[in-house]
Amino acid sequence: MAQDREIKYVNRDFTDFRNQLIEYTKNYFPNTYNDFTPASPGMMFMEMAAYVGDVLSFYQDMQLQETYLQYAKNPANLYTLAYMMGYRPKVTTVAEVDLEVSQLVNALANGQPNWAEAIQIGPGTQLQANTSGQPRFFVDRPIDFSFSSSYSPTTVVVETLDGNGEPDQYRLIKTVKAISGEVRNYTETVASVEKFKTITLTDSQIISVLSVIGNTNNTWYEVPSLGQDTIFLDQENNSSDSNKVPYMLQLQKVPRRFTTRFNSTGQLILQFGAGITGQSDTVLTPDPTNVGLGTNQGISRIDYAYDPSNFLHTQTYGLAPLGTLQIRYLVGGGVSANVPANTITNVLTLGTPLVDPGSLVNTIAFTNPEAATGGRDGDTVEEIRQNSLRSFNEQGRAVTLQDYTVRALSLPANYGSVGKVYITQDQLTNPNSATDSIIDSNPLSLSLYTLAYDNNRNLQTATVNLKNNLKTYLSQYMLLTDAINIKDAFVVNIGITFDIILRPNYLGRDILLQCNNLLIDYFDIRNWNINQPIDISSIYTLLDTVKGVQTVQKVEIVNNTGGNYSEYAYDIKGATKNNIVYPSYDPMIFEVKFLDTDIKGRITTL
């Protein structure tokens, strides 16, 4: 909370001013005025002057206090300070939910689904929940029933049977992400070019701007600040790994750009650049042939330090708009958007189908098997204060190894699934060197080891396109002097066998099932990281917690290779010391690939 600190810039109050006026009068007008009783007329004027001084001092102290983030209390000042510190206050937070979308298709003569009837729906589907307040939800991604991958699987179930007991209709089911919100439109006509033009959207609970389109179908792009003229763009991946990496991430320079910010009343302000089409002022390096000519590109600029990234920036901060702007934005969110399960069923607007589906569109149904979560109201005054202080420390840059790990795992899933990440200082040296001198290595280079998931959440190496997307994504957060080598970590598949002794009057089958379930949860790959050792003693302790287990006689880790397992063998016994199985020098991860069969237990006797 805001600290109730009394900042006294002048350090004077009513009593101080009153006493100083009395002392001043006694010192300089001893014969003119000497009646300082409370009822005297002279004291009335002194106290009035002291009152004015006290009020002015109070306002001066308040103005100074409002310039400190820790002590400011005025929301308008807090918003200004938050943006200055690099934090974007939230006026609302959306609720997220997984929607189950289904469609009926007929069966072919051979009993298989007729995939030609599978519908492809474009982005922009809007739905409504049948709860109090009827909050709306928005799907910003296309829905393609004809496409199935680990990123977007399509489930096929038999819907109806014909008279011969053969499938007559199938139901295709997909799961898509939806967020709470309603799409609204606003039109602004700009009659003449205006530098740093601003447009205010007066709606409440504005989530974000979806698109800004000019009257000549020019697209304007939102950027964090007008000085940044490159953005991320999605491009559909047509390579062989499109089922794992649906989209490619690309950087594109955009002269038509705008930035947004909220004010303390919740209104969203869009600000555009100041440039005019055809007038370029890109910063260039000086021409060496002009040295000594006395020009502004001459010797006076030869000792300047130039930032290589500065050549992408201009002093105009983007173009100024002219003509009609069509603004689409999303409104909604809040606590009321956390609706219960099976309530998001009403379709308001269906995304434009890529091919006319005819009557098949009537078979599409939506529902949410689980409740929508995450919706909350805007930041409180104290949340803005604390989040701003945290944001200032982060600065949107990857500095530590942990920063790179978090950024890599934050890659959006539609650019590929990064399952595991491990980053360390690059230990590569020059193979032609006879020594391991530091001169032969790059002290600023980092090695980023990655692994991805397949359809069954088993680990596999990342594809080339996934690594390219990760490289592009991290480039926006890297320091200028950093370098990253993206590599594949090794996967070592293991199995676990254990022997237990039962207590009397316990059923062995039930106890073994409980032990297996505990180990399945323990060795779930989501709980393991690259270069994490296996503590066998903790497995003993875990199995001892099962009611009915008297003694854990043996726990053994075995290496599984060949066939459906990893090709890499590992000396488990040689890597075990003090009941801990250590990973290799090369970054690797232990994986129980088939949890139901690779964990085996048995009951023994003394």
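Me: Where is the place of N114, and is N114 buried or exposed?
Reply: In this predicted model, N114 belongs to the loop that lies between strand 2 (96-106) and strand 3 (120-121). Its relative accessible area is 18%, and the cut-off for that class is under 20%, so N114 counts as buried.

Me: Which residues does N114 touch, not counting residues up to four places away in sequence?
Reply: With those sequence neighbours set aside, the residues that N114 touches can be listed by name. They are V105, N106 and L108.

Me: Where is Y477 found, and which residues is Y477 in contact with, leaving aside its neighbours within four places in sequence?
Reply: Y477 is found in the loop that runs between helix 6 (464-475) and strand 24 (483-488), and at 17% relative accessibility it counts as buried. The C-alpha atoms of Y477 and D403 are separated by 9.3 Å, although the two residues are 74 residues apart along the chain. Leaving aside the neighbours within four places in sequence, the contacts of Y477 are G396, R397, A398 and R407.

Me: What is the order of the open sheet of seven strands, and which strands stand at its edges?
Reply: The seven strands form an open sheet with mixed pairing, in the order 9-17-11-12-15-16-10. Each of the two edge strands has a single partner strand, so one side of each is left without a neighbour in the sheet. Neighbouring strands of this sheet are turned by 30 degrees against each other on average, direction ignored. The strands at the edges are strand 9 (182-190) and strand 10.

Me: In what order do three strands form an open sheet with antiparallel pairing, and which residue stands opposite T576?
Reply: The order of this antiparallel open sheet is 26-29-28, and its edge strands, strand 26 (534-535) and strand 28 (576-577), each pair on one side only. Strand 28 pairs with strand 29 (residues 580-581) in the antiparallel sense over two bridges. In strand 29, the residue opposite T576 is V581.

Me: How many salt bridges does the structure hold?
Reply: One of them joins the side chains of K197 and E188 at 3.8 Å, N to O, where K197 is buried at 13% and E188 is buried at 16%. Another links R376 with E383, with the closest N and O atoms 2.8 Å apart, and here R376 is partly exposed at 31%, as is E383 at 26%. A network of salt bridges also links R136, E182, R184 and D203. The number of salt bridges in the structure is 17.

Me: What accessible area do Y24, Y28 and F29 have together?
Reply: F29 has its place in the loop between helix 1 (14-28) and helix 2 (41-65), and it is partly exposed, with a relative accessible area of 39%. Y24, Y28 and F29 form a nonpolar patch on the surface, and their accessible area together is about 360 Å².

Conventions: Residues numbered from 1 in each chain as written. Predicted model: local features only at pLDDT ≥ 70, side-chain atom pairs only at ≥ 80, totals over all residues. Heavy atoms only, no water. Helix = DSSP H or I, 4+ residues; strand = E, 2+ residues; numbered from the N terminus. Buried < 20%, exposed > 50% of the residue type's maximum accessible area, 1.4 Å probe, protein only. Contact = heavy atoms within 4.5 Å. Pairing = 2+ DSSP bridges. Patch = residues over 30% accessible without salt bridge, like charges linked within 9 Å, V, L, I, M, F, W, Y side chains within 5 Å. Areas by Shrake-Rupley, 256 points an atom, 1.4 Å probe, with all protein chains shown as cover. Salt bridge = Lys/Arg side-chain N within 4 Å of Asp/Glu carboxyl O. Axes fitted to C-alpha atoms, helices over the stretch in contact; angles between N-to-C directions.
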